[in-house]
Amino acid sequence: MKNALRFLIRSHWPVVVSFLIYGGVMMAYAATGGTRSDGILTTYYYLFPLVPALFLSIFQFSSGTAYLSMALSMGCTRRAYFGANQVLMVLSVLVNWVLTALFLFLPQWLGWQGVEPFMPAAALPLLPLVTLAVGECSSAAGLLRREHAVLGVVCYGVAFVALMCLAVLVQVVKQVWLWGDLPAILLSVSVILGVLCLVVEVQQTRQAVVR
Amino acid sequence: MRGTLNEQSLIYQQIAAMLEDDILRGVYREEEQVPSTNELSRAYNINPATAGKGLNLLVGEGILYKRRGLGMFVAPGAAEKVKEKRRAAFAARYVAPMVREGTSLGLSGAELLELVQKALEEGEQP
Amino acid sequence: MNECTLRAAGLNKSYGTNHVLRDLDVVLEPGKIYGLIGRNGAGKTTLLGCLTGQNTFQSGEVTCGGEKVWENRRALERICFSRELPETVMGSRNSQKIGHYLNAAMVFFPNWDQKYAEALLKEFNLDPKKKIYALSRGQRSMVTILIALASKAPVTILDEPVSGLDVVMRERFYQLLLEEFSRSERTFVVSTHIIEEAAAVFEEVLFLDRGQIIEHAPVDELVDQFRYVSGLAEEVDRACTGLTVLSTQDMGRRRTAAVRGGEKALAELSSYDVDVAPLNLQNVFVALCGQEHPQA
């Protein structure tokens, strides 16, 4: 799997780096008080928790088409590719999670005035699992697309559903008393979707041919 | 460059024939090294195994011999052997077809011999 | 040390109802240059994909050096299957850079020779920063050739490497191939349908027709079994008894027959009043596989 890791890491690290840049820009914006007003970037600021999932989703969807074929055509085994992709996906989710936490608490630590946290801290523990679920669904979508264009799009819709679960979850988790079981439901739904898509990924990779 | 190779006979046979011609012309003298399979392969853009087959053909006939680790060399008396080989093939290669062609054109034995005589005389004139 | 004999036994591959490869057997011994020849649509790429673990198949076994090839890293590391780079990927243009392919090759092929790759880049005048969609067909072929040669894989397979190349570049390719072959003990398999100019480069040739390998032999041995026999139709027919007649063409009373036979049988042709001429590899292929229509 070593070679597959070396091959894929070249493409995975932009997901982390883009998020880092995004975070940097947002922090600068917050530091200069932009979030207090309804500035252009304010919406993007509050999208913080979704961004890693979004970047991951876009990357996984597109890499399923191009990179798998490239790797296979150079003698990479399907097992190795699948394993490497999973490992790197989990790693990037974790790294981005840590970064999210960092960006969340940074304003407080630096004592910036009036900067609202972009999400309740209570949502933090839920982030990696749901983000990963979005990633798995997008990866499955990319793989399906190689064989059945329509199924690929449908699966990407599923990924979108997982993304929406994430979006809502981040909002409602704080007010558990109000929403009751909803957070738990959203979490379960996204995890189930993620697992189902993981199975799809395994099945698709097993029989993948060079396109 | 493919250059002198044609489609009339198999490539390895042409390689062998070419080397024989060169031996007769003195391009390769006795005990001199002839081109290796790789050199022939490069020169004519052919597979080295094909070149090797041509060389081995000549080794089998005693025209070349192999020096281990060094390559193929022209055997002593090679020129004579080539001439002998061609003399033996001369009748089948030149005379029989000539006779066949002549007879099919309706020439008699005497007429054919006359033509041969004439050609000999012309050949002697400088 | 090249010990990788690439072998397929009982290979069957269908695309839906299209049974492309039927009970196909083939043995490719190490250290030779093979030509795989077949018409468009005969299944050359499919066969090569199955031999290299890149394509699935319904039944049969593919081994390299005795080990199964499918999903086997050790076997796959010894094989390089360089095929035409896709111009579009899933409908959109292929925006990978040449350099990206080369980096991937460097990662996956354990014997990759970077110096050789760079020398070829220079000779082919290719810019690693250029994207695939911006290349001409010939340039894409050159990238294919570069990867195949620089991979230094013990078994290297090139699928139609000369498509899109002009005649000068084609000659250069055969030259490069022979040079690299002479230097190493690599096995090369080249699939092509531009037969005659490549014929001298192959040691053995395989004809793929209707899902099977119908001929697998050293080039000169194969070609030497065939002759064109022409003359008066009745005389030609008489001369050809005892030989397999593959095709005949008549022009008035003149008949030309393409025949096949053993050394002795062919030698007897000289006793008849007919013209006898050899066939080249291309003629042989057309005589054997040119019978029905065409390209699927």
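Modeller: A residue is buried if 20 or more other C-beta atoms lie within 10 Å of its own. In this predicted model, 43% of the 211 residues of chain A count as buried.

Colleague: What makes Leu166(A) count as buried?

Modeller: The cut-off is 20 or more C-beta atoms within 10 Å, and Leu166(A) has 25 C-beta neighbours inside 10 Å, so Leu166(A) counts as buried. This residue lies in helix α6 of chain A, which covers residues 149–172.

Colleague: With which residues is Leu166(A) in contact, leaving aside its neighbours within four places in sequence?

Modeller: Leu166(A) is in contact with Pro49(A), Leu50(A), Ala53(A), Val130(A), Thr131(A), Val134(A) and Ser190(A), once neighbours within four places in sequence are left aside. One of these partners is Ala53(A), and although Leu166(A) and Ala53(A) are 113 residues apart along the chain, their C-alpha atoms are separated by 8.8 Å. For chain A in general, residues 24 or more positions apart account for 81% of the contacts with a separation of 6 or more.

Colleague: How many helices and strands are there in chain A, and why is chain A called as compact as a globular protein of that length?

Modeller: Chain A has 8 helices and 0 strands, and its pattern, read along the sequence, is α-α-α-α-α-α-α-α. The globule rule gives 17 Å for 211 residues, and the radius of gyration of chain A is 18 Å, which is close to that value, so chain A is as compact as a globular protein of that length. Taken along the principal axes, the box that the C-alpha atoms of chain A fill is roughly 55 × 35 × 25 Å.

Colleague: Why is α3(A) called roughly parallel to α5(A)?

Modeller: Two packed helices are described by the angle between their axes and the distance between the axes. Helix α3 (residues 51–73) of chain A packs with helix α5 (residues 127–147) of chain A at an angle of about 25°, and their axes are 7 Å apart. Angles under 35 degrees count as roughly parallel, and that makes α3(A) roughly parallel to α5(A). The crossing of the two, α3(A) and α5(A), is right-handed.

Colleague: Which residues in α3(A) meet residues in α5(A)?

Modeller: On the α3(A) side they include Pro52(A), Ala53(A), Leu56(A) and Phe61(A), while those in α5(A) include Thr131(A), Val134(A), Leu143(A) and Arg146(A). By class, the contact of α3(A) with α5(A) has 7 nonpolar, 11 polar and 2 charged residues.

Colleague: How do you know which pair of chains has the most contacts?

Modeller: There are 2 pairs of chains that touch, and the most contacts are between chains A and C. In that pair, 19 residues of chain C are in contact with 20 residues of chain A. The elements of chain C that give two or more residues to the side touching chain A are α2 (73–76), β6 (79–82) and α3 (98–108), and α3(C) gives the most, with 4 residues. That side of chain C divides into 10 nonpolar, 5 polar and 4 charged residues.

Colleague: How many residues does the contact take from chain B and from chain C, and how far apart are the closest C-alpha atoms of chain A and chain B?

Modeller: The contact of chain B with chain C takes 16 residues from each of them. On the side of chain B that touches chain C, the elements giving two or more residues are α1 (11–25), α2 (37–44) and α3 (48–60) of chain B, and the residues of that side divide into 6 nonpolar, 8 polar and 2 charged. No contact joins chain A and chain B, and their closest C-alpha atoms lie 27 Å apart.

Note on methods:
Residues are numbered from 1 along each chain as its sequence is written. Chains are lettered from A and ligands numbered from 1 in the order in which they are written. This is a predicted model: local features need pLDDT of at least 70, side-chain atom pairs count only at pLDDT 80 or more; totals for chains, interfaces and linings use all residues. Two residues are in contact if their C-beta atoms, placed from the backbone, lie within 7 Å. Ala, Val, Leu, Ile, Met, Phe, Trp, Tyr, Cys and Pro count as nonpolar, Asp, Glu, Lys and Arg as charged, and the others, Gly among them, as polar. Axes are lines fitted to C-alpha atoms, for helices over the stretch in contact, and angles run from 0 to 180 degrees between N-to-C directions. Angles under 35 degrees count as roughly parallel, over 145 as roughly antiparallel, 65 to 115 as roughly perpendicular and the rest as oblique. A crossing is left-handed if the near helix is turned anticlockwise from the far one by less than a right angle, and right-handed if clockwise. The radius of gyration is taken over C-alpha atoms; the globule rule is 2.2 Å times the number of residues to the power 0.38. A residue is buried if 20 or more other C-beta atoms lie within 10 Å of its own, exposed if 12 or fewer, and partly exposed in between; C-beta atoms are placed from the backbone.
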